[in-house]
Amino acid sequence: MPDTPNLLLLCVDCLRGDAIDDSWGETPFLDSFVARGRSYANCFASATTTTPCVASMMTGRYAEGNGVRSLREARLAPDVSTLAERLSAAGYDTTAFVTGPLVADTDLDRGFDTYRYRENTESLFDGWEPTGLETRLAAEEPAFCYLHLWELHEPITVPPNFDSEEYGRWPYERALSALDSHLERLLESVPENTVVALCGDHGESITWRHNPLRRVTKRARDKVRYEFGVDTRRMERGLDRLTESLAPAPIHDHFVENGHGETVFDHVANVPLVLSGPDIEPGRETAVCRQVDTFPTLLDALGFDWEASIDGESLRDPTDEGIDDREAYIRACGAALRGKQNWVRALRTSTEKYVEYPNRDWDPELYDLVADPAERAPADDPDPHRLRALASRLPESEGVATERLAIDDRLRALGYR
């Protein structure tokens, strides 16, 4: 076993923060992993779609600084260093097992000795395994392995023996229950001298996904809002209030939305981050933190310095007094928005969320997260000075140059429009 710690970064696509923090489904292994690790209950994704999230995680920079803006404008800027590059230079064997939109064209393979892409149709539920993971982590030289799992991403296939209410309210929750034993098997052979980080890239809206009225409403809304630029927010909030009064949702979801990538609400932006391993004290942090903090935190946990010029900061707390709240920048840039004219930007503090539509002539919104944690309705008459103050703390909208990739066929095969 190497003296230098290994690193296993395990990202479950679409894994919501509340699914882990509130212990959804029958997940005894995940529950025990969280209990013996250090969890960050209020960690927020940099975006609500996969590729920009993983880029932020791997670089410690927001999209404006790393060049990965969306699923298509997704080539990593050439002068941005990655976690894999940093660890490879330090003598680590580096391997990634990826799927979904994380194709090598993005340059997110930079720094990995091995970058293995699997089709999204291959699943842990059907016998797929990250071959060689155990061997690499048990080798003499230290290893960094990034494992990206797709089992919670639509279309979800729940194994028959888990497809009952005993294992959850929705297919999503039942799939999480089914995933639990697979995660246990993957991690049971990991050497003790390994820092394990469990995270999600973004969350998922699931409550109303299969409701036929929602489907019809969303198709109409998408046409009017995304193609013709009509501000439908008031109508959407009215539907939220109506459905909440008639059939209260057990979790924070909004009626019209499904999936991810279209909004910056907490239920799609709040992601789990749990660390376990050498010198990591168990505990639960509730301060607001960001996905960009992952890069410096993992370097810190392995004993490496990190660059002060990045957007993230380490979450390691040498004082044991807890970390302070940070302001989280969140973007919605999903394929379902039908172009960057519909992208959304937000700044989340511990008590508020400022939301703007930079390419639409729509008023910004301010949500009081203390009084309205489900973000059902923004303030009626927000203080313009407060709006300007929050807007001024967003990154510059352009940033470094980006490149549109020729990956439309791949995205269509994944179900993206």
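**Sheets, helices and cores**

Let's begin with helix 2. This is a predicted model. The buried residues of helix 2 pack against helix 1 (17-21), strand 2 (38-40), helix 7 (171-188), strand 7 (194-200) and strand 9 (273-276).

Which residues of helix 2 are buried? Helix 2 covers residues 28-36, and the buried ones are Phe 29, Leu 30, Phe 33 and Val 34. Look down the axis of helix 2: these buried residues fall within an arc of 130 degrees, so they line one face. An α-helix has 3.6 residues a turn, so residues three or four places apart point the same way. Pro 28 and Ala 35 are exposed, on the face of helix 2 turned away from the buried side.

Strand 1 (residues 6-12) runs parallel to strand 7, and seven bridges join them. Asn 6 has Thr 194 in strand 7 as its bridge partner.

Next, the cores. The largest nonpolar core has 72 residues. Which of them touch the most other members? They are Leu 9, Leu 83, Phe 144 and Tyr 146. Take Leu 9: leaving out residues up to four places away in sequence, its contacts include Met 57, Met 58, Phe 144, Tyr 146, Ala 197 and Leu 298. There is also a second, separate core of 42 residues, and among its members are Leu 30, Trp 128, Trp 170 and Leu 198.

Strand 3 (residues 43-44) pairs with strand 8 in the antiparallel sense, over two bridges. Phe 44 stands opposite Asn 270 in strand 8.

One residue deserves a stop. Thr 297 sits in helix 11 (residues 294-302). Is Thr 297 buried or exposed? Its relative accessible area is 1%, so Thr 297 is buried. A polar atom of the Thr 297 side chain lies 2.5 Å from the backbone oxygen of Asp 293. Beyond four places in sequence, Thr 297 touches Leu 275, Glu 313, Ser 314, Leu 315 and Arg 316.

Last, strand 13 (residues 344-348). Five of its five residues are buried. Val 344, Ala 346 and Arg 348 point one way, and Arg 345 and Leu 347 the other. Strand 13 pairs with strand 12 (residues 328-332) in the antiparallel sense, over five bridges. Ala 328 stands opposite Arg 348 there. Strand 14 (residues 352-356) also runs antiparallel to strand 13, joined by four bridges. Here the partner of Arg 348 is Lys 353. Three residues separate strand 13 and strand 14, which form a hairpin.

Methods. Residues are numbered from 1 along each chain as its sequence is written. This is a predicted model: local features need pLDDT of at least 70, side-chain atom pairs count only at pLDDT 80 or more; totals for chains, interfaces and linings use all residues. Side-chain values use heavy atoms; hydrogens and water are left out. Buried means under 20% relative accessible area, exposed over 50%, partly exposed in between (1.4 Å probe, protein chains only). The arc is that of the directions from the helix axis to the C-beta atoms. Contact means heavy atoms within 4.5 Å. A nonpolar core is a set of buried Ala, Val, Leu, Ile, Met, Phe, Trp, Tyr and Cys residues joined through side-chain atoms within 4.5 Å. A polar contact is a pair of N or O atoms within 3.5 Å; within protein, one must be able to donate a hydrogen and the other to accept it, and residues adjacent in sequence count only if both atoms are side-chain atoms. Two strands pair if DSSP finds at least two bridges between them.
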